[in-house]
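I have one structure to walk through today, so let me put it up on the screen.

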Amino acid sequence: MAAHLSYGRVNLNILREAARKELREFLDKCAGSKAIVWDEYLTGPFGLIAQYSLLKEHEVEKMFTLKSGRLPSADVKNIIFFVRPRLELMDIIAQNIFSEDKLHPARDFHILFVPRRSLLCEQRLKEQGVLGSFVNIDEYILDLIPFDGDLLSMEYESAFRECYLENDQTSLYHTAKGLMTLQALYGTIPQIFGKGDCARHVANMMLRMKREFAGTQNQILPVFDTLLLLDRNVDLLTPLATQLTYEGLIDEIYGINNGYVKLPPEKFAQKKQGEGSKDLPTEPKKLQLNSAEELYAEIRDKNFNAVGAALSKKAKIISAAFEERHNAKTVGEIKQFVSQLPHMQAARSSLANHTSVAELIKDITTSEAFFDNLTVEQEFMTGVDTDKVNTYIEDCIAQKDPLIKILRLVSMQSVCNNGLKPKVLDYYKREILQTYGYEHILTLNNLEKAGLLKPQAGSRNNYPTIRKTLKLWMEDANEQNPNDISYVYSGYAPLSIRLTQVLARPGWRSIEEVLKMLPGPHFEERQQLPSGLHKKRQQGENRTTLVFFLGGVTYAEIAALRFLSQMEDSGMEYIIATTKLINGTTWVKSLMDRPESQIP
């Protein structure tokens, strides 16, 4: 059971259960034994909805990854393909079916498109001569996946790229549909605010869909008071910066995928006495990361500099609890101690894991390279020397540091300076192409198109005004006992979260001038609640806002929103939704113009 999804203000288990119900219904359509052939990208997101046990209950006997050539042998009646609507995947499926037909003429094939059916894909299957082989062609609408008690993601990896490079609004349609599903389960959201062109599109589509389904409104008391739609391009700076929370750094360094991280195994080896190190594990250590684990929920959003103290405090509590066994004299006391033992052992193992993870991260954060990189980032954020070629970036290029690192820094300089002087931009481009190869010219063009790298266009640099008005830089950020969201980047308060904070109080009218400097329109819409439904607020009851990031959100931004939810005087609770969980590296990679496997 995913109990951690129901702890929060909004029970996200309801959404997960609805998704599981649809999956069961589809599986039951295919009577008899089944093998599922997975588009590899979908296995992670599906793992958050349904474990293997659920599939097994519905006669799923085998599971394979979609690969070209022949399917592995399986003595089953049904073969079900779970795939994203991608043309290249249709060609692989056609190969699979041709090789199967010769061997097992009596098999039934089914295809389930996630999240939507595609006419183009069906046309491709027809051209390949296999469309007639399918008994069922269906879609499984997996829009918003619950990752944690306050976090939903669509895991739509190309949403930002599609919107800003390819002018493709498919992801916005999926977002609007996902929000309609949410409203069907949790009630109409009375107020919608937004900033950015994509936000405006999503709101328009939602309002249109609502009009079309006017007669089928659910009589549910609304759980959310407000929806805030934010375009990623309103705040391009935040994802480029290195996140400094515990969870943010795990993602920056090792990458968190669908709630799991893979770590180098040597730190986790259990050393037995008298044994050498010849039996060190070679498989990466895989850890699940969510609030179901008490210790992780406590430290995930802390600035990394505060994690050591939290871990040693926890270690003292745990060892004191184990010492208690010496004081247990009566049978009742011993029985009580024994009943607490499993919980205490789980806590001890969790502490051991996170101490190892923290050591791995500390090795990196205390290095000179990390410190130098961070210093340059913070200089850009505070407006130091942003309009000339940066010597640190020059050195990194000369040493052939990873290209992604260079692109993040140059983009950051450009964003903090409202573009670079043509001479400076040309110099960087030339250096990058000569060092890393001319094939990256397309990547540089993409970054320019997305607004990350751009020449200064005579207009004044608004960033200092935005920084000052919204207090984006706090000199004395308190990392140990934070009193402001800027602790997540040790001084920089994410622009996206400042906008969210100001919206709650005193409201966006107080920053009208700054909003005009940021890209895209800002707007407010009201949705009529079904008649007779009016939310009466109890004394002291918090309001609930759903903040939806179109184009991706970082773990540091999530931490900052959780911090705002916990502030006693905020009167607000935030639930976070996004098209994709990102960090600077994955985000810039999604804009690069070569297959990921070739990116250094």
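Leaving out anything up to four places away in sequence, Arg498 touches Leu470, Lys471, Leu472, Met474, Asp484, Ile485 and Ala493. Keep in mind while you look that this is a predicted model.

Where does Arg498 sit? It's in helix α20, which covers residues 495-504. And is Arg498 buried or exposed? It counts as buried, because its relative accessibility is 6% and the cut-off for buried is under 20%.

So what does that side chain find in there? Two of the neighbours I just listed come back here. The Arg498 side chain reaches the backbone oxygen of Leu470, at 2.8 Å. The Arg498 side chain also has a polar contact with the side chain of Asp484, this one at 3.1 Å.

Okay, zooming out to the domains. The assignment for the protein chain gives four entries: domain 1 is 3-142, domain 2 is 147-235 + 502-530 + 539-587, domain 3 is 246-270 + 279-366, and domain 4 is 369-417 + 419-459.

Going by C-alpha atoms, the centres of domain 2 and domain 3 are 33 Å apart. Nine residues from domain 2 and 11 residues from domain 3 take part in the contact.

On to area. For domain 2 and domain 3, the buried area is about 910 Å², and carbon and sulfur atoms give 41% of that.

Now the polar side of things. The rule finds three salt bridges across the interface of domain 2 and domain 3. Across that interface there are also four residue pairs in polar contact, with both residues at pLDDT 80 or more.

Which elements give two or more residues to the domain 2 side? Those are β6, at 145-148, and α22, at 555-566. Of these, α22 gives the most, with three residues. By class, that side of domain 2 has four nonpolar, two polar and three charged residues.

Note on methods. Residues numbered from 1 in each chain as written. Predicted model: local features only at pLDDT ≥ 70, side-chain atom pairs only at ≥ 80, totals over all residues. Heavy atoms only, no water. Domains from an automatic or database assignment. Contact = heavy atoms within 4.5 Å. Buried area = accessible area lost by both parts, 1.4 Å probe. Salt bridge = Lys/Arg side-chain N within 4 Å of Asp/Glu carboxyl O. Polar contact = N/O pair within 3.5 Å; in protein donor to acceptor, adjacent residues only side chain to side chain. Helix = DSSP H or I, 4+ residues; strand = E, 2+ residues; numbered from the N terminus. Nonpolar A, V, L, I, M, F, W, Y, C, P; charged D, E, K, R; others polar. Buried < 20%, exposed > 50% of the residue type's maximum accessible area, 1.4 Å probe, protein only.
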